[in-house]
Amino acid sequence: MEEFTDKVAIVTGGSSGIGLAVVDALVRYGAKVVSVSLDEKSDVNVSDHFKIDVTNEEEVKEAVEKTTKKYGRIDILVNNAGIEQYSPLHLTPTEIWRRIIDVNVNGSYLMAKYTIPVMLAIGHGSIINIASVQSYAATKNAAAYVTSKHALLGLTRSVAIDYAPKIRCNAVCPGTIMTPMVIKAAKMEVGEDENAVERKIEEWGRQHPMGRIGRPEEVAEVVAFLASDRSSFITGACLTVDGGLLSKLPISTPNADNSHH
Ligand code: BMA
């Protein structure tokens with residue numbers, strides 16, 4: 001499907017996890033994709049890769065300028081770069097709190113700030129923010145991350161109403177997805193042992209009604225849909241991609257098949 005022929009996309013955090021899957025999907029559907037991340041190198045599929053820190057305003061400005069100069073346009077921005085760390089709020093070092101908010105929220109703000117004028121100039125654009133199920137509810141000991149992901153929905157809605165009808169802005173809210181970030185979180189809980197990590201991830205999977213955690217490609221497909229004209233009347237939305245997690249209350253109920261009555 002060459003849906004994105006002549007379209008140009010920028011993906012932040014494009015060298016691993018969900019970002020990498022998004023890069024691959026957009027390339028597969030015909031877009032030229034520029035990846036920006038802290039890593040030296042990126043996916044072989046990208047048209048360009050810039051090593052930047054999305055919290056650095058000068059670096060963001062320059063990456064957007066270089067992209068616009070070379071390709072003449074930016075149709076799609078995917079704010080995917082994100083970090084998390086687990087600790088109770090009062091034990092979270094202030095610099096860690098600030099860094100999480102800086103990457104997850106301010107990075108998305110800066111990318112939008114410099115990309116929006118380019119989108120306005122070409123008359124359209126689609127911005128997709130990778131939020132989380134933690135945009136709606138919290139896991140324990142993740143206050144900075146949870147706060148940042150809640151904030152991303154505010155950013156999404158504000159951009160949506162400020163720039164409609166030219167620019168659409170939506171969020172995707174993934175549940176647990178098999179990425180380096182989630183593997184790291186599992187290791188924080190159970191240590192380095194591979195079997196223990198696998199068991200932890202399977203346990204998380206069982207908490208999702210679908211019985212498993214998600215694959216990065218399953219998020220990337222939704223991002224591609226929101227980037228495309230197939231979602232032309234969707235703006236300010238958050239599409240949940242969580243295998244049913246947010247639909248479930250963790251309360252036990254009588255089993256009708258096993259009733260005592
Ligand atoms: C994500 C991350 C993951 C976690 C998932 C479900 O945003 O925090 O580490 O597994 O939410 O809680």
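Two strands pair if DSSP finds at least two bridges between them. Keep that rule in hand for the first stop. The model on screen is predicted.

**Stop 1: the strands.** Select β5, residues 125-130, together with β6. The two strands run parallel, and 6 bridges join them. For one of these pairings, pick I130: its bridge partner in β6 is V172.

Stop 2: Buried means under 20% relative accessible area. Show the side chains. I167, C169, A171 and C173 point one way. R168, N170, V172 and P174 point the other way. Both sets are buried.

**Stop 3: a helix crossing.** Select α5 (residues 180-190) and α6 (residues 194-207). Their axes come within 9 Å and cross at roughly 110°. Angles of 65 to 115 degrees count as roughly perpendicular, and α5 and α6 are therefore roughly perpendicular to each other. The crossing is right-handed. On the α5 side, display V182, I183, A185, A186, K187, E189 and V190. On the α6 side, the contact is made by A196, V197, K200, I201 and W204. Colour the contact by class: 9 residues are nonpolar, 3 are charged and none is polar.

**Stop 4: a loop proline.** Go to P93, in the loop between β4 (76-79) and α3 (94-122). P93 counts as partly exposed because its relative accessibility is 37%. Finally, draw a distance from the C-alpha atom of P93 to that of S232. The two residues are 139 apart along the chain, and the separation is 43 Å.

Terms used. Residues numbered from 1 in each chain as written. Predicted model: local features only at pLDDT ≥ 70, side-chain atom pairs only at ≥ 80, totals over all residues. Heavy atoms only, no water. Axes fitted to C-alpha atoms, helices over the stretch in contact; angles between N-to-C directions. Helix = DSSP H or I, 4+ residues; strand = E, 2+ residues; numbered from the N terminus. Parallel < 35°, antiparallel > 145°, perpendicular 65-115°, else oblique. Left-handed = near helix turned anticlockwise from the far one by under 90°. Contact = heavy atoms within 4.5 Å. Nonpolar A, V, L, I, M, F, W, Y, C, P; charged D, E, K, R; others polar. Buried < 20%, exposed > 50% of the residue type's maximum accessible area, 1.4 Å probe, protein only.
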